[in-house]
Amino acid sequence: MTVQHHKLQRMVFCALLAALCYVATRVIQIPSPMSGYVNLGDSLVLLSGWMLGPWWGFCAAGIGSMLADVLSGYAYYAPATFLIKGVMALLAAVLFPALCKLLRHGLPARIGSAVICEGVMVLGYFAYAALILGNGLGAAASIPGNLVQGVFGVAVGCVLAAVLSKTPLL
(Lines give C-alpha, C1' and ligand atoms only; values in the text may rest on other atoms or scores of the structure.)
Protein backbone atom coordinates (compact mmCIF):
# COMPACT_ATOMS: atom_id res chain seq x y z
CA MET A 1 0.00 0.00 0.00
CA THR A 2 1.44 3.36 -0.99
CA VAL A 3 1.66 6.30 1.37
CA GLN A 4 -0.89 8.23 -0.71
CA HIS A 5 -3.30 5.29 -0.66
CA HIS A 6 -2.93 5.00 3.13
CA LYS A 7 -3.63 8.75 3.58
CA LEU A 8 -6.66 8.54 1.30
CA GLN A 9 -7.96 5.53 3.22
CA ARG A 10 -7.54 7.42 6.53
CA MET A 11 -9.40 10.43 5.13
CA VAL A 12 -12.26 8.24 3.89
CA PHE A 13 -12.56 6.46 7.26
CA CYS A 14 -12.41 9.85 9.01
CA ALA A 15 -15.29 11.15 6.88
CA LEU A 16 -17.25 7.92 7.39
CA LEU A 17 -16.80 8.00 11.17
CA ALA A 18 -17.66 11.73 11.29
CA ALA A 19 -20.91 10.90 9.47
CA LEU A 20 -21.58 7.97 11.82
CA CYS A 21 -20.93 10.20 14.86
CA TYR A 22 -23.48 12.63 13.46
CA VAL A 23 -26.06 9.92 12.78
CA ALA A 24 -25.60 8.20 16.16
CA THR A 25 -25.98 11.54 17.89
CA ARG A 26 -29.12 12.49 15.96
CA VAL A 27 -30.96 9.13 15.90
CA ILE A 28 -31.78 9.02 19.61
CA GLN A 29 -32.02 12.33 21.46
CA ILE A 30 -33.44 12.39 24.97
CA PRO A 31 -33.69 15.99 26.25
CA SER A 32 -31.82 16.76 29.48
CA PRO A 33 -32.64 19.46 32.07
CA MET A 34 -29.85 21.81 30.91
CA SER A 35 -31.05 22.35 27.31
CA GLY A 36 -28.95 19.47 25.98
CA TYR A 37 -29.72 15.87 25.16
CA VAL A 38 -28.54 12.33 25.85
CA ASN A 39 -27.47 10.39 22.74
CA LEU A 40 -25.52 7.33 21.52
CA GLY A 41 -22.90 9.32 19.63
CA ASP A 42 -20.25 8.70 22.29
CA SER A 43 -19.90 5.09 21.19
CA LEU A 44 -18.79 6.30 17.75
CA VAL A 45 -16.61 9.00 19.31
CA LEU A 46 -14.70 6.29 21.18
CA LEU A 47 -14.58 4.07 18.12
CA SER A 48 -13.16 6.97 16.09
CA GLY A 49 -10.21 7.20 18.45
CA TRP A 50 -9.65 3.45 18.62
CA MET A 51 -9.86 3.02 14.84
CA LEU A 52 -8.23 6.16 13.49
CA GLY A 53 -5.70 7.14 16.11
CA PRO A 54 -5.44 10.42 17.98
CA TRP A 55 -5.54 13.10 15.28
CA TRP A 56 -7.84 11.60 12.67
CA GLY A 57 -10.06 10.37 15.52
CA PHE A 58 -10.14 13.89 16.98
CA CYS A 59 -11.28 15.27 13.62
CA ALA A 60 -13.93 12.62 13.00
CA ALA A 61 -15.41 12.76 16.50
CA GLY A 62 -15.21 16.53 16.85
CA ILE A 63 -16.62 17.39 13.45
CA GLY A 64 -19.39 14.77 13.38
CA SER A 65 -20.58 15.54 16.90
CA MET A 66 -20.35 19.30 16.41
CA LEU A 67 -22.44 19.09 13.24
CA ALA A 68 -25.11 17.23 15.18
CA ASP A 69 -25.30 20.12 17.65
CA VAL A 70 -25.40 22.76 14.91
CA LEU A 71 -28.10 20.97 12.91
CA SER A 72 -30.15 20.08 16.02
CA GLY A 73 -30.54 23.66 17.20
CA TYR A 74 -27.85 23.45 19.89
CA ALA A 75 -25.24 25.56 18.09
CA TYR A 76 -24.26 27.25 21.36
CA TYR A 77 -22.82 23.87 22.44
CA ALA A 78 -20.95 23.34 19.13
CA PRO A 79 -17.55 24.79 20.20
CA ALA A 80 -17.55 22.72 23.40
CA THR A 81 -18.73 19.62 21.59
CA PHE A 82 -16.02 19.90 18.95
CA LEU A 83 -13.32 20.16 21.61
CA ILE A 84 -14.75 17.68 24.15
CA LYS A 85 -15.59 14.92 21.66
CA GLY A 86 -12.32 15.47 19.82
CA VAL A 87 -10.35 15.17 23.05
CA MET A 88 -12.32 12.06 23.98
CA ALA A 89 -11.29 10.35 20.72
CA LEU A 90 -7.70 11.52 21.12
CA LEU A 91 -7.56 10.14 24.66
CA ALA A 92 -9.21 6.87 23.62
CA ALA A 93 -6.51 6.42 20.98
CA VAL A 94 -3.66 7.20 23.40
CA LEU A 95 -4.97 5.49 26.53
CA PHE A 96 -6.05 2.17 25.03
CA PRO A 97 -2.58 0.95 23.97
CA ALA A 98 -1.06 2.25 27.22
CA LEU A 99 -3.66 0.42 29.30
CA CYS A 100 -3.21 -2.73 27.19
CA LYS A 101 0.44 -2.81 28.24
CA LEU A 102 -0.50 -2.23 31.85
CA LEU A 103 -3.47 -4.60 32.08
CA ARG A 104 -2.27 -7.16 29.51
CA HIS A 105 -5.78 -7.64 28.19
CA GLY A 106 -7.80 -5.76 25.58
CA LEU A 107 -11.30 -5.57 27.07
CA PRO A 108 -10.38 -4.09 30.48
CA ALA A 109 -8.07 -1.65 28.70
CA ARG A 110 -10.83 -0.63 26.30
CA ILE A 111 -13.32 -0.19 29.15
CA GLY A 112 -10.78 1.75 31.19
CA SER A 113 -9.96 4.11 28.35
CA ALA A 114 -13.67 4.60 27.60
CA VAL A 115 -14.55 5.36 31.24
CA ILE A 116 -11.78 7.97 31.46
CA CYS A 117 -12.97 9.56 28.21
CA GLU A 118 -16.56 9.69 29.43
CA GLY A 119 -15.34 11.35 32.63
CA VAL A 120 -13.75 14.01 30.45
CA MET A 121 -17.08 14.45 28.68
CA VAL A 122 -19.04 14.89 31.93
CA LEU A 123 -16.52 17.34 33.37
CA GLY A 124 -16.12 19.17 30.06
CA TYR A 125 -19.81 19.87 29.59
CA PHE A 126 -20.20 20.81 33.25
CA ALA A 127 -17.34 23.32 32.96
CA TYR A 128 -18.68 24.75 29.69
CA ALA A 129 -22.23 25.17 31.02
CA ALA A 130 -21.01 26.56 34.34
CA LEU A 131 -18.35 28.96 33.09
CA ILE A 132 -19.02 29.82 29.45
CA LEU A 133 -22.82 29.60 29.37
CA GLY A 134 -23.00 31.23 32.81
CA ASN A 135 -25.08 28.57 34.56
CA GLY A 136 -22.76 28.37 37.59
CA LEU A 137 -23.42 25.45 39.88
CA GLY A 138 -26.79 24.98 38.20
CA ALA A 139 -24.84 23.25 35.44
CA ALA A 140 -24.58 20.27 37.79
CA ALA A 141 -28.12 19.39 36.69
CA SER A 142 -26.62 18.11 33.42
CA ILE A 143 -24.30 15.63 35.17
CA PRO A 144 -26.83 12.76 35.61
CA GLY A 145 -27.88 12.87 31.95
CA ASN A 146 -24.25 12.99 30.82
CA LEU A 147 -23.42 10.05 33.11
CA VAL A 148 -26.24 8.03 31.52
CA GLN A 149 -24.94 8.99 28.08
CA GLY A 150 -21.45 7.97 29.18
CA VAL A 151 -22.56 4.55 30.41
CA PHE A 152 -24.31 3.85 27.11
CA GLY A 153 -21.31 5.18 25.19
CA VAL A 154 -18.93 2.83 27.02
CA ALA A 155 -21.20 -0.20 26.62
CA VAL A 156 -22.10 0.30 22.96
CA GLY A 157 -18.57 1.43 22.03
CA CYS A 158 -17.01 -1.67 23.60
CA VAL A 159 -19.53 -3.96 21.89
CA LEU A 160 -18.87 -2.30 18.51
CA ALA A 161 -15.12 -2.58 19.08
CA ALA A 162 -15.44 -6.27 19.97
CA VAL A 163 -17.38 -6.92 16.76
CA LEU A 164 -14.97 -4.87 14.63
CA SER A 165 -11.93 -6.51 16.22
CA LYS A 166 -12.81 -9.60 14.19
CA THR A 167 -12.16 -7.56 11.02
CA PRO A 168 -9.06 -5.83 9.67
CA LEU A 169 -10.66 -2.46 10.55
CA LEU A 170 -9.74 -2.49 14.25
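Which side chains meet in a salt bridge? Select Lys85 and Asp42: their side chains form one, at 2.3 Å from N to O. The term stands for a side-chain nitrogen of Lys or Arg within 4 Å of a carboxyl oxygen of Asp or Glu. The count by this rule is one salt bridge. Lys85 lies in helix 4 (residues 78-103) and Asp42 in helix 2 (residues 41-52), 43 residues apart. Helices are DSSP runs (H or I, at least four residues), numbered from the N terminus.

The model is predicted, with local features needing pLDDT of at least 70 and side-chain atom pairs pLDDT 80 or more, while totals for chains, interfaces and linings use all residues. Residues are numbered from 1 along each chain, and side-chain values use heavy atoms, without hydrogens and water.

Next, select helix 1 and helix 3 (residues 54-72), whose axes come within 8 Å and cross at roughly 35°. Axes are lines fitted to C-alpha atoms over the stretch in contact, with angles from 0 to 180 degrees between N-to-C directions. The crossing is right-handed, meaning the near helix is turned clockwise from the far one by less than a right angle. Residues in contact (heavy atoms within 4.5 Å) include Met11, Cys14 and Leu17 in helix 1, and Trp56, Cys59 and Ala60 in helix 3.

Definitions and conventions: Helices (H or I, at least four residues) and strands (E, at least two) are DSSP runs, numbered from the N terminus.
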